[in-house]
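User: I am new to this structure and would like to learn how to read its features. Could we take them one at a time?

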Amino acid sequence: MQATQTRADGLKREFKVVVPAAELETKLAGELSGLKDRVRINGFRPGKVPMAHLRKLYGRAVMADVVQNTVNEANRKIIEDNSLKLANEPKVTLSEDKDEVEAVMEAKGDLAYTVALEILPAFQLKDLSDVAITRETAEVTDAEVDEALARMARQNRAFTTKAEGEAAATGDRVTIDFVGTIDGEPFEGGSSEGVQVEIGSGGFIPGFEEQLVGAKAGDDVTVNATFPDEYPAKQLAGKAASFAVKVKEVASAAEVTVDEDFAKGFGLESLDKLKEAVRASIERDYTAQSRRKVKKVLLDALDAKYDFELPPSLVEQEFAGVWRQVENDMKQTGRTFADDETTEDEAKAEYQRIAERRVRLGLVLAEIGEQAAVKVSDDEVTQAVVERARQFPGQEKLVWDYYRKNPQALAEVRAPIFEEKVVDHILTQVAVTDNVVSREALFADEDSESDGEEGKGAKEEGKAAPKKASRAKKKDSA
């Protein structure tokens, strides 16, 4: 096999490969020889089939495998000999000349093809000793625990149907059917039956619940309300609607006392134990948010330090995934680019920048992780799969089998674990100052920030990618 490099342009490489016909013949003969002892052909004893007859029957099919294996072996050798790290699978171009193809299939002509490679960029890791970041944290107060308990009490209240003729009041639950219209015409999603509305809960558009106060079971009520300007379904935002409501039931809520019996209803032995559990749950939320924010700050610092050529295919793949999500979000919400005071071209340019940033950060994290010998154990992957399976009660075995039989899916589980471990490693290399803030400050601007970088990618662990695409005008955190 002879491989000659014909192109070295940036991250692109191309090689011309020639495999002599004699080498193909040797490989074909070897494969047929091994086949002779396995096949059963009428008229011949096992192992006694003439090679010429085998070649006539199976030669073309076996040669197709020989060519594929030869190409794979040659490509592996090129990659190893040149110490290349690929960004994507090799792109092989075989001859389309029928006579040349026929000669190769008969092992009478050389196998000649070109292979195009896209490699990962080589770059030096930067010194991080000058990086100083602030990690915001928040402490759980007794008042927050009490608020959470009160919320739990409200959510677990029992409702009792009111006597016939009793009117609904704030805090009551009414069961209704309704048909909504705008300018006299019904609209999609504007009608439903058997809907439970807790008056005063704020679960419906402004002004809807309040107009049910005083209604009795059996009443027909007309409710007029306006959809908020920021309503997710753009076609309804700011529109005035009229709802023909049929009240089917009015129920009052029983008072719930947060005491020892209340705690036992949650399987805990005492109110103190319930408070401890609630506090721990809030602390986990605060810790997770603190982690998201410090990770974003850290990634911003890394992004400012690196600028190198990126593999076009990785950027294209990242952009395609993000843009597909943007289009899906717009379709579901009915929003347009004009609603976000931008154009499709401007949005694409912004998301192209985001895709480039994420690919760059992914490569940086992968390189840092490799040099730091960061590893993800099989036990860690197994635990992550178990956690995912638990999200599908009754289907745990199906989920488990899916990951067990799908190496690509397992790689997608491993990647975010690797990324988080790399981030942990980097945080030990930079100056981190903790700053205690209020809950409001900790969660400020949460909607305009993604949940950090969710690792994914088959080629390199730690490739940063979005959990979901944000709107075009929102600040990217990747």
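User: Is Lys-246 buried, partly exposed or exposed?

Analyst: This is a predicted model, and the values here are computed from it. Lys-246 has a relative accessible area of 35%, so this residue counts as partly exposed.

User: Which residue forms a salt bridge with Lys-246?

Analyst: In general, side chains of opposite charge can pair when their charged atoms come close. Here the partner of Lys-246 is Asp-220, with the closest N and O atoms 3.6 Å apart. Lys-246 sits in strand S10 (residues 240-253) and Asp-220 in strand S9 (residues 220-226), so the pair links distant parts of the chain, 26 residues apart. Asp-220 is exposed, at 61% relative accessible area.

User: How many salt bridges are there?

Analyst: The count is 35. One of them joins Asp-378 to Arg-414, with 3.3 Å between the closest N and O atoms. That pair connects helix H9 with helix H11, across 36 residues. Asp-378 is exposed at 55%, whereas Arg-414 is partly exposed at 23%. There is also a network of salt bridges that links Arg-291, Lys-295, Glu-419, Glu-420 and Asp-424.

User: What is the strand order in the open sheet of four strands?

Analyst: Strands of a sheet pair through backbone hydrogen bonds, either parallel or antiparallel. In this sheet the order is S1-S2-S4-S3, and the pairing is antiparallel. Strand S1 (2-9) and strand S3 (91-94) are at the edges with a single partner strand each, so one side of each has no neighbour in the sheet. From one strand to the next, the twist averages 20°.

User: How many bridges pair strand S2 with strand S4?

Analyst: Eight bridges pair S2 (residues 12-19) with S4 (residues 111-118), in the antiparallel sense. In S4, Leu-111 is the bridge partner of Val-19. Helix H2 (residues 51-81) lies across S1, S2, S3 and S4, at about 45° to S4.

User: Which residues touch the most other members of the largest nonpolar core?

Analyst: In soluble globular proteins, nonpolar side chains tend to be buried together. The largest nonpolar core here has 48 residues, and Leu-302 and Ile-426 touch the most other members. Helices that each supply at least two residues of this core include H6 (271-305), H8 (344-371) and H11 (407-427). H8 gives the largest share, ten residues. Beyond its neighbours within four places in sequence, Ile-426 is in contact with Leu-128, Leu-298, Leu-302, Leu-365 and Ile-368. Another core, of 30 residues, lies apart from the largest one, with Val-49, Val-66, Val-71 and Ala-74 among them.

Methods
Residues numbered from 1 in each chain as written. Predicted model: local features only at pLDDT ≥ 70, side-chain atom pairs only at ≥ 80, totals over all residues. Heavy atoms only, no water. Pairing = 2+ DSSP bridges. Axes fitted to C-alpha atoms, helices over the stretch in contact; angles between N-to-C directions. Contact = heavy atoms within 4.5 Å. Core = buried A, V, L, I, M, F, W, Y, C linked by side-chain atoms within 4.5 Å. Buried < 20%, exposed > 50% of the residue type's maximum accessible area, 1.4 Å probe, protein only. Salt bridge = Lys/Arg side-chain N within 4 Å of Asp/Glu carboxyl O.
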